[in-house]
Amino acid sequence: MAAHGAEWDRLDELLRRRRRLSGAETDELVVLYQRTSTQLSQIQSSSPDPVLVNRLTTLVARARATVVGTRKATWRDAAHFFTAGFPAALYRTRRWWVPVAVLFTLAVAGIGWWIAANPAVQSSLAAPEALREMTRPGGQYETYYSSSPAAAFSAQVWTNNAQVAGMSLAFGALLGIPVLWVLFQNALNVATGVGLMASADRLDVFLGLILPHGLLELTAVFVAAGVGLRLGWTVLDPGPRRRLTALAEEGRAAIGMALGLAVVLLISGLIEGFVTPSGLPTWARIAIGVAAEAAFLAYVFVLGKRAAEAGETGDMAEADRPAEVPVAA
C-alpha cells in the first residue's frame, strides 16, 4: 500500500475525469490498469486483506469497463442464444432433467392408481357431490380449459408456469431441497386428476385434455427442476473450480435457461389456450402436442448436442465474463 497507493489514487482520479482524456492520459490509464490488475492478483495470492481486495477489485472493474468498453447486445446475440447457447445448455443438463421426468411420471402413475383404487382416499379429497361435479361430462375438469377467453387463458397459464419454473431454478441455490417440494406438489396435482378421472372411467378424456399442452409444459418444468437440482449440487461439489466461480458460471447458465424456458412455456400456453379447448378431434389435439414435444426433443438432442460438442455451454461469451484472477492453491 505504501509503494503503490499513489498509483491507485491516480488511476481512480483518471477514472473520475469528466472530460475526454488526452492521449498521454489514456496511455497512463491503460498502464495503471494493467499494473493494478497484477497487484490485485499478487495480494489475493499472498495477503488477501478483504478491505484492500474489495477496493482494488472495484477499481480494476471500473478501469476494465473504461479500457475494454462494454458491448451492447444485438439481435445476433439473441439468435446465437436460441440456436446454440440454449440448446447446448439443455443438452448438458440432460442427465439431471431426464431422470426427473422419469421419476415424476412414475410418481404420478403410482399416486394416481392409489387414488383411483381407493374410494376412501377419494372421499378424503372432497365430498361425493363435488367429485361427481368435477369428473362428470361437462364438469370442472373439462370446462377448466374453456373457462376464459383463449388469449387471456394462455397468458394466465404462461405466467403461472413461468413462476413454477423460476421458483425451481431459484430454489436450486438452497441445495435443491425446495425444488423437490415444488415437484411433489405438481406431481400430486396431476396424479389427483388422473386418479379421479380414472375412477369415473373417464381417464381417456382427461388424457385427451392434458396431453396436447402437458407434454411440452411438463418437460419445461422438468428442465427447470433438473437445472435447479444441478445448481444445488454445485454448492456441495463445485469440482475443480472455486465454489463462488462455479456458482457464478452455473447461475449465469440458469438465468439463460429461465429466459429460454419462458419461450417454451409460452408455446405450451398457446397450445393450452387455443388447441386444448378447441373442437378438434382428440387425436388431432394429441398429435399437435406430440409434434411440439418431438420438435423440442430434436432441438435438444440434435441441435443441442451439436452445439455442446462445438464447445457451447450456455454461459455468456468468454469475452463478456468477469475476469478471473489467479489465487493461491
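Okay, so patches here are made of residues with over 30% relative accessible area and no salt bridge, with like charges joined within 9 Å and nonpolar side chains (Val, Leu, Ile, Met, Phe, Trp, Tyr) within 5 Å. A salt bridge is a side-chain nitrogen of Lys or Arg within 4 Å of a carboxyl oxygen of Asp or Glu, and accessible areas are Shrake-Rupley with a 1.4 Å probe, where for residues only the protein chains shown count as cover.

What we have is a predicted model, where local features need pLDDT of at least 70, side-chain atom pairs count only at pLDDT 80 or more, and totals for chains, interfaces and linings use all residues. Numbering starts from 1 along each chain as its sequence is written, and side-chain values use heavy atoms, leaving out hydrogens and water.

Now the patch. Val-98, Val-102, Leu-103, Leu-106, Leu-297 and Phe-301 make a nonpolar patch on the surface, together about 510 Å² of accessible area. Helix H5 (94-117) and helix H13 (282-309) each give two or more residues to it; helices are DSSP runs of H or I, at least four residues, numbered from the N terminus. H5 has the largest share, four residues.

Buried or exposed: which is Leu-106? Leu-106, in H5, counts as exposed because its relative accessibility is 57%, the cut-offs being under 20% for buried, over 50% for exposed and partly exposed in between. Phe-301, over in H13, is partly exposed at 34%.

Conventions:
Buried < 20%, exposed > 50% of the residue type's maximum accessible area, 1.4 Å probe, protein only.
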